Amino acid sequence: MSNIKIVVVGAAGRMGRTLVRQVSQTQGCEISGATEPAGSAFLGRDAGALAGIDALGVSITDDPLELIAGANAVLDFTSPAAAVGHAALCAQARIVHVIGTTGFEPEQEAAIAAAARHATIIKAGNMSLGVNLLAQLTKQVAKLLDAAFDIEILEMHHRHKVDAPSGTALLLGNAAAEGRGVKLSDVAARGRDGITGARRSGDIGFAVLRGGGVVGEHSVLFAADDEIIELRHQAFDRSIFARGAVAAARWGQGKPPGLYTMADVLGFHE
């Protein structure tokens, strides 16, 4: 069986380099292309050498069209606007698009969903096995506990992260809301400052920290008057997200077009 040909978009970024290394280390997969935006100082560089491994003979380009047309999958941890464009190209090529990008606006989400009519899109706020297991546990605990337990989600990331709350925090918030049988948009408390009044019963609160080089820390707290239950996940290396993304690309081969999540990849919906 031939290798799965994978294009890494945004290959010069911290996550992009991690993806290049992970694909190269995964049996049955190969890097067939790598991209960066026009004007990038990394254009023309070998994707493998830039990622700190042996040269792969794959030069970084600013034109994804031809690369995607000849690939089996695209790994995308770029930006919402870029990911929407990549989704359209994957739809034209009828291939797998793995999206780990976060911070999408509603119209961008709609564009991704439209592309999924022709592409196999796996999109998740977090690609790690541990975080997706945490989401399933959050859903179950929220379902079991009554409104006497307030739900608060705390997350911390490195100083360079541009969106807040993180996609992972929102993933966990949606899991908690699903467990409670409500819509997160109706109960989310995403900003508290000044005289806010007492906490509204049933809210799911979010608190955000940014600083240093923290890869990702997330906690879900269920707080009652006399006890607190805490579910927590810490990420120490970006490779956990890369492993999940590559697993998603492999899982998506042969699947029909549609919009999937890591819960599908990991069999939580079976």
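R94 counts as exposed, because its relative accessibility is 53%. Exposed means over 50% relative accessible area, buried under 20%, and partly exposed in between, with a 1.4 Å probe and protein chains only. R94 sits in the loop between α4 and β5. Its phi is near 60°, a positive value in a residue other than glycine.

A word on ground rules. This is a predicted model, where local features need pLDDT of at least 70, side-chain atom pairs count only at pLDDT 80 or more, and totals for chains, interfaces and linings use all residues. Residues are numbered from 1 along each chain as its sequence is written, and side-chain values use heavy atoms, with hydrogens and water left out. Helices (H or I, at least four residues) and strands (E, at least two) are DSSP runs, numbered from the N terminus.

Next, helix α5. It covers residues 106-115, and Q108, I112 and A115 are buried there. Why do they line one face of the helix? Seen down the axis of α5, the buried residues fall within an arc of 60°, so they share one face. That arc is taken from the directions from the helix axis to the C-beta atoms. Here is the general rule: an α-helix has 3.6 residues a turn, so residues three or four places apart point the same way. On the other side of α5, P106 and E107 are exposed. What do the buried residues pack against? They meet α4 (80-93), β5 (96-99), β6 (120-123) and β12 (258-260). Contact means heavy atoms within 4.5 Å.

Now the cores. A nonpolar core is a set of buried Ala, Val, Leu, Ile, Met, Phe, Trp, Tyr and Cys residues joined through side-chain atoms within 4.5 Å. The largest one has 35 residues, and I6, L75, V98 and I122 touch the most other members. Helix α9 gives the largest share, six residues. Take I6. Beyond its neighbours within four places in sequence, I6 is in contact with V23, C29, E30, I31, S32, G33, A73, L75 and A249. Another core lies apart, with 20 residues, including I153 and F206.

On to E155, in strand β7 (residues 150-157). Is E155 buried or exposed? It counts as buried, because its relative accessibility is 1%. Its side chain makes a polar contact with the side chain of H157, at 2.8 Å. A polar contact is a pair of N or O atoms within 3.5 Å; within protein, one must be able to donate a hydrogen and the other to accept it, and residues adjacent in sequence count only if both atoms are side-chain atoms. The E155 side chain also reaches the backbone nitrogen of S166, at 2.7 Å. P165 is among the contacts of E155. P165 lies in the loop between β7 and α7 (167-180). The peptide bond from A164 to P165 is cis, with omega near -10°.

Last, the rings. How many aromatic pairs does the structure hold? One. W251 and Y260 pair edge-to-face, 5.2 Å centre to centre, with 80° between the planes. Rings of Phe, Tyr and Trp (its six-membered ring) pair if their centres lie within 6.5 Å; planes under 30 degrees apart are stacked, over 60 edge-to-face, the rest tilted. Y260 is buried, at 17% relative accessible area. K255 lies over the face of W251, at 4.5 Å from the ring centre. R17 lies over the face of F42, at 5.3 Å. A charge sits over a ring if NZ of Lys or CZ of Arg is within 6 Å of the ring centre and within 35 degrees of the ring normal.
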